[in-house]
Amino acid sequence: MRSKIEEYKAVEEAAMKFVKSVAEGNSKYARELFTDEAVLFGYLDGKLEHGSIEQFYHNVDTVSGGKNFKARIDVIDLEETLAVVRVLEEGWGDRIDFTDYLLLLKMNGEWKCVAKAYNQNSNTIQK
């Protein structure tokens, strides 16, 4: 059964916590979104990052989005208690473009992210 538009908006608002943290270089908002057990997978400048979401928090707190940072949120799928969100990022740290996939579960009436996987666009990889 397709969810109501209001639920799509709720998922988008949850994902905005991710975008706000990245843009401002402050993991505070993302910490509200991710569960403590959330995992991270992706390649940053060709090096595999995987494991605890704490690595993402470190990256965000170390580098702000930058003055030219842009992001777009797409709710790809929403099925009652499960959502898949794609976040397109351009210009993180004034040089990197990412495509992020966030897996969210509705827990106790709140959308929480349990996993983040990402791709760094190849033309922004620093060798």
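Asp45 is partly exposed, with a relative accessible area of 25%. The model is predicted: local features need pLDDT of at least 70, side-chain atom pairs count only at pLDDT 80 or more, and totals for chains, interfaces and linings use all residues. Residues are numbered from 1 along each chain as its sequence is written, and side-chain values use heavy atoms, with hydrogens and water left out.

Asp45 sits in the loop between β1 and β2. Its phi is near 50°, a positive value in a residue other than glycine. The two strands form a hairpin with two residues between them, and Asp45 is in the turn. β1 and β2 run antiparallel and are joined by six bridges. Within this pair, Val39 has Ser52 of β2 as its bridge partner.

Glu80 also has a positive phi, about 55°, and is not a glycine. Glu80 lies in the loop between β3 and β4.

## Overall build

The protein has three helices and six strands. Helices (H or I, at least four residues) and strands (E, at least two) are DSSP runs, numbered from the N terminus. Their order from the N terminus is α-α-β-β-α-β-β-β-β.

What radius of gyration does the protein have? The value is 14 Å, which agrees with the figure near 14 Å for a compact globule of 127 residues. That radius is taken over C-alpha atoms, and the globule rule is 2.2 Å times the number of residues to the power 0.38. The C-alpha trace spans about 45 × 25 × 25 Å along its principal axes. Buried residues account for 41% of the 127. Contact means heavy atoms within 4.5 Å. Of the contacts between residues at least 6 apart in sequence, 51% join residues at least 24 apart.

## The sheet and its helices

Six strands form an open sheet with mixed pairing, in the order β2-β1-β6-β5-β4-β3. The edges are β2 (47–52) and β3, each pairing on one side only. From one strand to the next, the twist averages 15°. Two strands count as paired if DSSP finds at least two bridges between them. Strands of a sheet pair through backbone hydrogen bonds, either parallel or antiparallel. β5 and β6 pair in the antiparallel sense, over ten bridges. Leu105 has Lys112 in β6 as its bridge partner.

α1 lies across β1, β3, β4, β5 and β6, at about 145° to β3. α3 lies across β1, β2, β4 and β6, at about 70° to β1. Axes are lines fitted to C-alpha atoms, for helices over the stretch in contact; angles run from 0 to 180 degrees between N-to-C directions.

In soluble globular proteins, nonpolar side chains tend to be buried together. The largest nonpolar core has 30 residues; Phe18, Phe34, Phe56, Val85, Leu102 and Leu104 touch the most other members. Eight elements supply at least two core residues each: α1, α2, β1 (34–44), α3 (54–62), β3 (70–79), β4 (82–92), β5 (96–107) and β6 (110–120). The largest share, six residues, comes from α1. A nonpolar core is a set of buried Ala, Val, Leu, Ile, Met, Phe, Trp, Tyr and Cys residues joined through side-chain atoms within 4.5 Å.

Which residues does Leu104 touch, not counting those up to four places away in sequence? They are Ala14, Leu33, Thr81, Leu82, Ala83, Val85, Trp111, Lys112 and Cys113.

Asn59 is in helix α3. The residue is buried, with a relative accessible area of 13%. Beyond four places in sequence, Asn59 touches Leu44, Glu49 and Trp92. Its side chain makes a polar contact with the side chain of Glu49 (2.9 Å). A polar contact is a pair of N or O atoms within 3.5 Å; within protein, one must be able to donate a hydrogen and the other to accept it, and residues adjacent in sequence count only if both atoms are side-chain atoms. Asn59 and Val22 are 37 residues apart in sequence, and 8.9 Å apart in space, C-alpha to C-alpha.

Ser27 lies in the loop between α1 (5–24) and α2 (28–33). Why does Ser27 count as buried? Because its relative accessibility is 3%. Setting aside neighbours within four places in sequence, Ser27 is in contact with Ser21, Tyr57, Val60 and Asp61.

Definitions and conventions:
Buried means under 20% relative accessible area, exposed over 50%, partly exposed in between (1.4 Å probe, protein chains only).
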